[in-house]
Amino acid sequence: MIKGIGVSAGIAIGKAYIIKKSEAALTGFLLKNDAEVLADIARFDKAVGIAINEIENIKQNTSLALTDDAISILETQIEFLSDPQLRDDVVEKITTAKRNASDALIEVTAANVHLFESMEDEYLRARAIDIQDISNRILKYLNKSEQGHKQAFEPDTIIIAEDISPSDTITMDIKHVNGFATQAGSKTSHAAIIARSKGIPAIVGCGDGLTAIKNGDVIILDGAAGSLFISPDKQLTDDYTQKRTEYIARSNKLKQLKEVPAVTTDGTAVKLLANISSAVDMDDVFDNGGEGVGLLRTELLFMNRDSFPTEDEQFEFYRDIALRSMGKSIIVRTIDIGGDKQLSYFGLPAEQNPFLGYRAIRICLDRTDLFVTQLKAILRASVFGDLKIMFPMISNVQEVRAAKIILEQAKNELLQDNISFKANIEVGIMIEIPSAAITADILAKEVDFFSIGTNDLCQYTLAVDRMNEKISHLYDPFNPAVLRLINYVIDQARRHKIHVSMCGEMASDPMATLLLLGMGLTEFSMNAAAIPEIKQSIIHTYVSTAKDIYNKVMAMGSSQNIIRFLQEVTT
Amino acid sequence: MITKDYIITAPQGLHARPATTLIRLAKNYTSAISLKKGDITVRLNSMLNILSLTIKGGDTISIIIEGEDETTAAEAVDLFFTEQLKGL
């Protein structure tokens, strides 16, 4: 198996076709006089003109059915071709170094490619191939020797190449291309973008392993996992044929659901949000039809390092997420360390009962220096998107007030330094401790929103450590006590006209969806992948049905009965 | 001469697609339009020069416009950075 970077999901099975690119070589001959210099500048300008025309023709060729992405890549290529800096550099080489036009262009291109390849930014490194690509186009018209390939491929072809240029992917007849794999490239190569927009599975950055492939070899390519198999046996082929069928069925279903609003049959709109841990998760959120982030865990930012992240480091983390949020709201939970989540550089002594100990907001209210740093970073990022702040592990109203005072302190420090932030940023709390759930009426007056964390709420209400195998059967989110607490929190939030969402595992359990909807919950936050299934249940139900289910469940005395009933009504 | 600072709010920064739009926008005016990041200033007519500034989301850049139609050019540039860039 060969591993690469999966850039376009899907499974392709087919026969390898290898594309080799002949490299343009320097000719080395020098221009003899001014007349030849002028002639070669003219030759260069003419070649650029033809290359631009060629792209304009591709753009206007309606039979290619170009996507918007493809057209904008072609537009960009035209700007690369007509770049005055490129012309200046080439003309300079022709006039002062007496290079012929073709050699001048090869040298200038080599320098530009080298410059971009050595850049730190992954996106810009990937632009090196664009620069090489436009240079090859010009060279093609400077010397008639180079041949562009406009090929028709056999059915079920998998293209194997060192790299694929953007113009290749656009002009190639991809009707029969099932997938492609390249040695070089990155996730932001134009080739990767085109593959995604045309839905062709693709892997880039596979390295030298690809040279072992011969024309006609049977190839399996898994574009999500980034893996490629050469001449697979029957078992593997059968497995992947099956996987391909499942993938196509799933992605069709997802596509159908993605744009469908999460509205019940009788018109109640439900917000389906995602729980995420970093900026890269944002693609998944939108791919699955998520309408924002109901829980951004910030622990990842503090883990796998030697010291606390600085305010600037934290700011960048929150800002990157805000920038990708397309204006949707993002609830940022302040750090929830302690308990089972330890930081090597923050020496917390071992405790008898870590879940009942020094953790989350309790640490933050004690170590206000750490807390202020995080709050300032979130506030600074709040100008880049609709960020909201959420405090975890709140057990009483004093803690909420204390946290809000520290938030004001963070705002004042930013004001003094003349740094902008969203002054009226919304503030909410996790409801995950029974005392908070029972006093939801008091807490609702202090905050803009609640988010119910069912995992801890269940564990604390039932006094069950769910990591303890001997008693894990007692961990039961459908216990009437837990359901009554959840119901009370939702009810109080509605009475006080504040938002309430649920971000615990129960929010992604299809068996609980109708019951929660019946309680009046209209914001659910879960792993992005769970969103389509929950949406499926919501768009096929009436709120009146959900209310009916809720009334029946609340009258039941045991979770066995509740679970049996919910299984019946949800299947 | 008109100079104005912008914070780039697009996540991917000023990458190839918006740079293309910006270059084409600049071509509509006779004024000389330049872009400055840190100590480096480039004319708004070269993809290579603009991309090599590595302008990322969150960066602050300045736009400098000088010429007869600088007022209308500045309005168009303003619209680009405050509205259009998000959609590119």
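Reader: What is a nonpolar core, and which residues have the most contacts inside the largest one?

Author: A nonpolar core is a set of buried Ala, Val, Leu, Ile, Met, Phe, Trp, Tyr and Cys residues joined through C-beta atoms within 7 Å. The model here is a predicted one. Its largest nonpolar core holds 92 residues. Those with the most contacts inside that core are A:Y318, A:I429, A:I431 and A:V489.

Reader: Which residues is A:I429 in contact with, leaving aside its neighbours within four places in sequence?

Author: A:I429 is among the residues with the most contacts inside the largest core. With those sequence neighbours left aside, the partners of A:I429 are A:M390, A:F391, A:I394, A:V400, A:L443, A:V447 and A:F450.

Reader: How many residues are in the other core?

Author: Another core lies apart from the largest one. Its members include A:L105, A:F116 and A:L142, and also B:L22 from chain B. The number of residues in this other core is 48.

Reader: How much of each chain is buried?

Author: Chain A has 571 residues, and its secondary structure comes to 22 helices and 16 strands. Chain B has 88 residues, with 3 helices and 4 strands. Buried residues make up 43% of chain A and 35% of chain B.

Reader: In what pattern do the helices and strands of chain B follow along the sequence?

Author: Chain B contains 3 helices and 4 strands. Among its contacts between residues at least 6 apart in sequence, 73% join residues at least 24 apart. Read along the sequence, the pattern is β-α-β-β-α-β-α.

Reader: Which helix of chain A gives the most residues to the side that touches chain B?

Author: The two chains meet through 20 residues of chain A and 18 residues of chain B. On the side of chain A, at least two residues each come from α2 (68-81), α3 (84-96), α4 (101-117), α5 (122-125) and α11 (311-323). The one that gives the most, with 5 residues, is α2(A).

Reader: How do the residues on that side of chain A divide into nonpolar, polar and charged?

Author: The side in question is the part of chain A that touches chain B. Its residues divide into 9 nonpolar, 4 polar and 7 charged.

Reader: At what angle do α19 and α20 of chain A pack?

Author: In α19(A), A:P510, A:T513 and A:L514 meet A:E533, A:I534, A:S537 and A:I538 of α20(A). The crossing is right-handed, and the axes are 10 Å apart. The two helices are oblique to each other, at an angle of about 45 degrees.

Note on methods. Residues numbered from 1 in each chain as written. Chains lettered and ligands numbered in written order. Predicted model: local features only at pLDDT ≥ 70, side-chain atom pairs only at ≥ 80, totals over all residues. Contact = placed C-beta atoms within 7 Å. Nonpolar A, V, L, I, M, F, W, Y, C, P; charged D, E, K, R; others polar. Buried ≥ 20, exposed ≤ 12 C-beta atoms within 10 Å, placed from the backbone. Axes fitted to C-alpha atoms, helices over the stretch in contact; angles between N-to-C directions. Parallel < 35°, antiparallel > 145°, perpendicular 65-115°, else oblique. Left-handed = near helix turned anticlockwise from the far one by under 90°.
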